[in-house]
Structures are given as C-alpha cells and as structure tokens.
Amino acid sequence: NQLILEQKQQLTASSQSSSSSDNSDWSHKYNTLKTTYEHLNRDHEELLVFVGHLHEQFEKTQKELKAMKIQTTKTHVDIQPTDPTRTDRNSNLNPRFAPPNLM
C-alpha cells in the first residue's frame, strides 16, 4: 500500500509540474500569436489607407484626363474648316515628305 501511495504522489506531482509547464508553453504560444495578429492587423489597416489614397489619385487623374480629352476635342472641332465641301488632300501630310509640285 505504501508503494502505491508513493507512486500516486509522484504521478500527481509530475502531472502538476508538466501541466504548469504546458500552461506556460501554451501561454507563450498564445502571446506570440496575439502579438503577430496585432502586427498583421496594423499592417492591414495601413495597406487599406494606402490603397484608398491610390484610388483617390487614380480617380483624380481619370477626371483630369477626361477634361483634357474634352478640351482637345473642342479645340480640334474649332480648328476644322468652316466650309464642309472644301477638302484639302495634302493638309494631313507632313510638308517634308509631301510629293513634289509637278506643275
């Protein structure tokens, strides 16, 4: 009987010491995961802010390009001749490469 009681006490003591070391191990793992999660969460928030900034710049640039296109089409329409029956075949040619005037 005495031998059985001593074995029970040893098992109880060893299980308590192993459970406390398991708890500290799990606690350490939990704290590591928590720290990693918080770091990743901050990085995610910073990326969202950065992407939002890029999206605003993209929309602003699109508006500017659209305004420039409208302005150039208005200018291009203003430059066209007023007489729609008149056509000038050589008007689109580069003068350096224009065919020679044979007459």
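1. A charge counts as sitting over a ring if NZ of Lys or CZ of Arg is within 6 Å of the ring centre and within 35 degrees of the ring normal. In this predicted model, Lys 29 meets that criterion over the face of Trp 26, at 5.0 Å from the ring centre.

2. On conventions: the model is predicted, with local features needing pLDDT of at least 70 and side-chain atom pairs counting only at pLDDT 80 or more, while totals for chains, interfaces and linings use all residues. Residues are numbered from 1 along each chain as its sequence is written, and side-chain values use heavy atoms, with hydrogens and water left out.

3. The chain's secondary structure amounts to 1 helix and 0 strands (DSSP runs numbered from the N terminus: H or I of at least four residues for helices, E of at least two for strands). Helix H1 covers residues 2–79 and includes Phe 50.

4. Of 103 residues, 0% count as buried (buried is under 20% relative accessible area, exposed over 50%, partly exposed in between, with a 1.4 Å probe and protein chains only). The accessible surface of the chain is about 10,500 Å², and carbon and sulfur atoms hold 58% of that (Shrake-Rupley method, 1.4 Å probe; for residues, only the protein chains shown count as cover).

5. The whole structure has 1 salt bridge (a side-chain nitrogen of Lys or Arg within 4 Å of a carboxyl oxygen of Asp or Glu). Asp 25 forms a salt bridge with Lys 29, with 3.9 Å between the closest N and O atoms. Both residues lie in helix H1, 4 residues apart, about one turn of the helix. Asp 25 is partly exposed at 36% relative accessible area, and Lys 29 is partly exposed at 41%.

6. Phe 50, Val 51 and Leu 54 make a nonpolar surface patch of about 270 Å² (patch residues have over 30% relative accessible area and no salt bridge; like charges are joined within 9 Å, nonpolar side chains, namely Val, Leu, Ile, Met, Phe, Trp and Tyr, within 5 Å). Phe 50 is partly exposed, with a relative accessible area of 46%.
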